[in-house]
Each structure stands twice: as structure tokens, then as C-alpha cells.
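Look at the sequence and the structure below. Then read on for a short report on how the parts meet.

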Amino acid sequence: MKRRKVDLKALPGKSAEAVDARLHVATPLRSLLNKVFPDHWSFLLGEIALFSFIVLLLTGTFLALFFEPSMQEVHYNGSYVPLQGVEMSRAYETALNLSFDVRGGLVMRQMHHWAALLFMAAIVVHMIRIFVTGAFRKPRELNWIIGLSMFWLGFTEGFAGYSLPDDALSGTGLRIASAIMLSIPVVGSWVTTSLFGGEFPGEIILSRLYIVHVFLLPLILLGLVTVHLALVFMQKHTQWPGPGRTNSNVVGERMFPRYALKQGGFFMLVFAVIALMGGLFQINPIWLFGPYEAAVVSAGSQPDWYVMFLDGSTRLMPAWEIRAFGYTIPPLFWPTVVLPGILTVLPMAYPWIEARWKKDKGHHNLLQRPRDVPDRTGLAAMALTFYMVLTISGGNDIVADKFHISLNAMTWAGRIGLLVLPPLAYYVARRIALGLQQHDREVLAHGVETGIIKRLPNGQFVEVHQPLAPADDHGHTDLPYVGWTVPKKMNRLGALGPAVRGFFRPIEQAAPPVQQKQVEPPPTREEITSGKH
Amino acid sequence: MKNETTVPAPGAPRQRGRVSRRMSGALRMFAALMFAGGLYLTFAPGVQAQGAAPMSDAAQAGQALYDTSCITCHGNNAQGVDGRGPSLIGVGSAAVEFQVETGRMPAARQEAQAERKQPQFTTDQARQLGAYIQELGGGPQLPAGEDFASKGKVSRGGELFRINCSSCHAFSTGGGALSSGKYAPTLTESTDRQIYAAMLTGPQNMPVFGDTELDPQDKYDIIAYVRALQDDQDPGGWGLGRFGPVTEGLAIFLVGVVALVFAALWIAGKS
């Protein structure tokens, strides 16, 4: 039998042709793979959230295989000695078994928890980047709103997950959640009793939270992530202003192969960081907390960091109780229901608020540097300071205890700080932004500082500046301010050798000095003998 | 300013050297003191003659320590000094042992709460002090022995700990803040006898858990549980101080976010 010759080189093309003949994917794939993405480190922050979401789905699936959200009372009989024989819910028992008796279960649980913290942290950091660069402006307002919704969904998803193991800490959190719901005027009691199926804790809440945690919210999140990314594809990614970049083009790399490879590598790095943290740092040691009982509470009970700001607002709120028309509004209502409400609506409306404020209804694909919109940068600093004061106040008992500060002093520092620090942060950030802008303008007008000091005949010292363009009689250049990096060192202009790259130590050899042509030896000079004193 | 010290008149004769003058002064002072002390020893009533029952050797040794180290604040015969230290009549040897063995007493200064520090006295000396206070005024005492943990049941101790202790000392025995600078200390260094004494006597801001609230067996159970937590090896890795979500939140930003922002810088820089 004659062997058929297989042309290996033609094989990929042939098989691709065969696929295309059946599925007709070549045309859409071509435009997809050729799509251009601008490249900048700050555009990768959202990806951290996306990739930790994938890790969350993977590890969560593993955990779901072994966890049972049942409130049935059992006696623990697993391998953790200090809890043997203790009465607990089936949910807590299976969570303990996951930690001690399922192979690899503890590292999976810890990776899941670290990934959740990273997911929320990346969302916040990404959101700060979007805000201070003005990436939320028209046409991207909808994606800004979707992003904010994902923060609140992730917040709820995380809280549901924190409540599932039914240890004493998560039970305490759930107790506070029920108290928050009870504080809502008029409907509070109905909302709480229908959610818990009666009085707290009831017997149904864990199964409900479980469905919310493993099905409902992940599904909604997945849907919103898809829309979020689809909108980035449709509306194209924003880019920094710079040479060759305009409001109507995108300068960057094609999706395939470079951008896809980079993203694949970045996913591996995110996965690695989560796996390392899951293996090296203990998180949420539920076995230390014991099973939840209504009488049990612990000092230093905190929610996860992204919920801590609401804990902080509760701790700072004075005990002002309002009674009117036969109803009581407990003080808890303001910091835990009204404040999050404001913190949802206000940022969502911000793109339109700013458009009115700055009278700017234009279409923007170019980003703005934080220094170029000092008002917005100031607002970001203000919001962040507000959030930080609340978050630190959420852990103020730990801070008080470990740094030997009075808890009462911490509470008052939080109350005063919450009102005083944000305006201060606004002012400082705004001044810094204006100062940086001013320095850019100065370089554009006078040139780069050379470090050469010249003494004038009248004794005055001046620094020699290298103008960036031909200068007029006064050494001034008339260059437009475009909102992008201005060279500030001579090596950026090519007047000196390029700066050696590297963070802590050089990662490259300094370029060898350019070999100069052999210069003729200078003519020998003779000593001047005449006119000597 | 003018120097006001008296200077001998310029013409006055110098009689003796400075050293010999001082020596003779010291000698005279010594002789006077010896004389006064002798008189006191001769005429003052003996200490032994006062007490009805003689104190044990340990208590006498304890009294000697008391009179040098504690009397300033707790006063003569442990009756207390207003504004400095409370009376120790009736506190019992358990309280003394706890306070002295953990280094809380002698206190460094008056503040919200005396903190645990390097003890000033050995265990034996602390017990001698305890014996003195015990024989002076009575009060709660610790059971004999050093090992209480082995008499207790860990899991039952855990249940008791979570109901009675964790609200201040936290689930992980790390301690916690109380109002106005007071705090519940960490239990990571406490010994069996110290934990028992603390429950029995309620030092500083801690409530007393007398034998009617937690009987001795309950106390042994709790001690067994605390010891079990002390021996816990943190199976999940570095425990981050076991402070809970506060340090976990710090870690995700300081380690996770920082590492990945550098990763982003690195990856975006490769173009």
C-alpha cells in the first residue's frame, strides 16, 4: 500500500479551512483577533478582578462539592480535637471537614477567600483608575454604572459567602445584617422575617444564602462581566493622549498574538499570587471561632475589609434615635442603609453631574491625567479619605488594642476625621495636581532644567534651560499644553545617554559610549614666557 | 548672675584639707546614727511580740519582700494608701500570685491598666508574697499543682470559653480593647495557674468567675481549651497575628495588590 504523504506545513491551513467551511467564523474572528488594544499598566487593574473572578468560580466549584448548607444539628466527630463532640450545624461541620479532612480542602478554602478579597480590592483600585482618568465620560457612562453595580453585587456575594460556614464569626455578621434590615422604617420587620423565615436565625437562612451565593449572584455577575467586556469591545478602549493618538483612533497591539499572550501570562500571575497567599497566609480560621450560638460573641469581630466601612460608620454614628408618628428610626438606619444608598446613587450619577458642572457633553476616547482635572482628582482623594476613615474605624478596636490607644479616642478621632480629613484631602490633592500641571507648563515655556548653573556678569546665578523648540529672544517657547508627559530630564531629549532601566538594580548593561573618531592630538602648547610677573 | 556661695575671706587661714574634713564629718555622722539605732533597738517593742499567731517562714519571707517593694503603694500591713494602691486585705494569695508572677505588680506607673511585663520576682518569691497576704487577711487561694490543663476536657472548655471569655479575649485568645484605654490582654503567654487565678480573682477590669459561676472543673476545662489554642500550629499558614479580617484586609492590599500592580507594570512594559 502506498503511504499518503502528509504535508505538515499545510496542515494548519487546511484544517482551518475545513472549520471555516462548516462554521463560517473566519470573518468575525479576523476582526476580533486584529482588534487593537492600547497598552498601559493601569489598564490591567480590571483584569486582576476578572482573573480572580475566574479563580473564584474554579475554587468555589471545588468547595461546593463538599459543603452542605444545612442547619441540621449534629455532633462533630472529625479530626479537629478541640471541637470533638461539640453540637453544631451540618454547615459548620462540613466546612470543618473541608478544612481538615478533605485533601487540599484547606488551601482551596483559603484561595477562595483570598481571591474574594482580591476581587473586591481590584474592583476598587480599577474604579479609582477609571474615575481619576475620566474614563467614565461619554460614551462610557453605562459601563461605569455596571462596574459600580458589580462592586455592590460582589459586596453582597462576599458577605453571603462569609455567612455560609455558620461559625461564630459569620453568625455574628448575620445577626448584624438582620439588625440592619430590622432598622428600616415600616417594612423592616417584614423584610427580616420573610428573609429568615421567622425570627433570627431560623432554619432556612443558610440554604437561601447558599443559592444566592453559588447560583444567583455569580450568574448575574457573570452576565454583567460579559456586558462590561462587550462594551469595552464595542466602544473600544480609552487611551492616553500622546503622539499619534487622537480621539478617533486606537494605538496599541493587536488582540492576537501579543495582547492575548500577555493577558494569558497575567492570568497565570494572578493565579499564582492567589495560590501563594492561600498556601502561605491563614485566612478565616473558622475552627478557632466555634459554632454559632446566639449567646456567643467575640472581641475583634470584623467583617471582611470591603464591608468594614459600614461597620466603621456604625461605630462612629452617635446614638440618635428618632421617634415620630408611632415609628422609631434607630440610629443604625443612617450609617447602614442611608449611607450605602447615597454611596450607590451619587457615584452612578456622577458622569452626568460632571458633564453639567464642566459643561462638557463631548464624546471622549482620550483619557485625562489626574493632574489635568484637579477638581476631579480632589474629589477622588476626598472620597477615598472618607472611605479610609470609615474602614479604619471598622477595625478601631484592633487598632486601639494593638497600638495602645484608648478606644474612645479612636472613636472620636474617627468622628472628627470623617468630617475634617476629606475636605483637607480635596484641597491637598487639588494643589498637588495644579502644581504638577504648572511644572509641565513651565517646562513647555522655558525648557528642561540642565543642572548647569551660570553666573552672569552682574553676579547673578541662573540655571541654563534647554528649550524644547526654537526659542524667542527671551528664551521662551510657545508650545501647546496637550495633557501628556513632558520631558523633564536631559536624557529624555537624547542629550545624555538613556537612563538605565531597572527598579532596585539595573536590569540592563549601560549602553557602551559611542566610539568616537580618533581625534587629532591637540597641538602642543608652549609655555608662555613673556609677560610673566 | 552673681555666684552666691560663700567664699572664705582672702586672708583666712586654711586649716585642713577638703578630704580629711569630709572624712571626719562622715565618721561623726556614722557614730550618731549607730547611737540612735542602738537606742531604738533597746527601747522599741519587738515585732514578734505583736502578732497573735506567728507567721509561717514563707509569709515572713514574703513580708520582707513586701516591705521593700510593695509598701509604698499598698501601705503598712497591706492596708492600702489613698490615691496610690488599694488595700490587699482579703484579696488572697491567688490574686497576689497572679499580679506578681505576670509582672503586673509592681506596676510601672499609674495608668488605665497595669500591663504584663517581665516579672520582678521569681515564682518562689511571688508565692512567699502570696503567703504573707494570705495569712494577713485571707481570701481565695489556688489549688495545688502546676498542671490544670490535663484535668480538663478541651471541647467543653471551648464552649465555656466562647460563652464566658471570648467577648473580651476574642475567639483566638488574642485579647481586645475595652473602653478608655483598658483592654483584655492576650492569653498566649498565660500559664495554667495564671488563667485559674485570673478567673478566680478577676484582676483589673475582669469580672470574678467564682466557684458558683464556674466550678473548678469548668475552670480546668477552660484552661485545657486555652492551652489547646496556644498549641494550635495555624494549619493554614502564617496566622497574621490571628487578628481576623483587619490584618487579612491589610495583607490583600500590601501583598496581593502590590504584587499584581508590579506584575502589571512588568507586563505592560514588555512591548
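## Two domains in chain B

What distance separates the centres of domain 1 of chain B and domain 2 of chain B, taken over C-alpha atoms? The value is 24 Å. This comes from a predicted model. Domain 1 of chain B covers residues 57-137, and domain 2 covers 149-244.

The two domains touch. Domain 1 of chain B brings 14 residues to the contact, and domain 2 of chain B brings 16. Together they bury about 1300 Å². Carbon and sulfur atoms account for 47% of that area. On the side of domain 1, three residues stand out: B:Phe98, B:Gln113 and B:Arg116. They supply 47% of the area that domain 1 of chain B buries against domain 2, more than any other three residues.

## Links between the domains

Two salt bridges connect domain 1 of chain B with domain 2 of chain B. Elsewhere in the listing of pairs, the side chains of B:Glu97 and B:Arg193 meet in a salt bridge, with N to O at 3.2 Å.

Which helix of chain B gives the most to the side of domain 1 that touches domain 2? Helix 4, residues 92-101, does, with six residues. By class, this side of domain 1 of chain B holds five nonpolar, three polar and six charged residues.

## Where chain B meets chain A

Now turn to the two chains. Chain B puts 56 residues into the contact, and chain A puts in 64. The two chains bury about 4800 Å² between them. Of this, 71% lies on carbon and sulfur atoms. In chain B, the residues that lose the most area to chain A are B:Arg162, B:Phe171 and B:Leu260. Together they make up 15% of what that side buries.

Polar contacts do occur: 17 residue pairs, with both residues at pLDDT 80 or more.

## The chain B side

Several elements of chain B each supply at least two residues to the side that touches chain A. They are helix 6 (154-164), helix 7 (166-169), strand 1 (176-177), helix 9 (216-231) and helix 10 (245-269). Helix 10 of chain B gives the most, with 20 residues.

What classes of residue make up this side of chain B? There are 32 nonpolar, 16 polar and eight charged residues.

Definitions and conventions: Residues numbered from 1 in each chain as written. Chains lettered and ligands numbered in written order. Predicted model: local features only at pLDDT ≥ 70, side-chain atom pairs only at ≥ 80, totals over all residues. Heavy atoms only, no water. Contact = heavy atoms within 4.5 Å. Buried area = accessible area lost by both parts, 1.4 Å probe. Polar contact = N/O pair within 3.5 Å; in protein donor to acceptor, adjacent residues only side chain to side chain. Helix = DSSP H or I, 4+ residues; strand = E, 2+ residues; numbered from the N terminus. Nonpolar A, V, L, I, M, F, W, Y, C, P; charged D, E, K, R; others polar. Domains from an automatic or database assignment. Salt bridge = Lys/Arg side-chain N within 4 Å of Asp/Glu carboxyl O.
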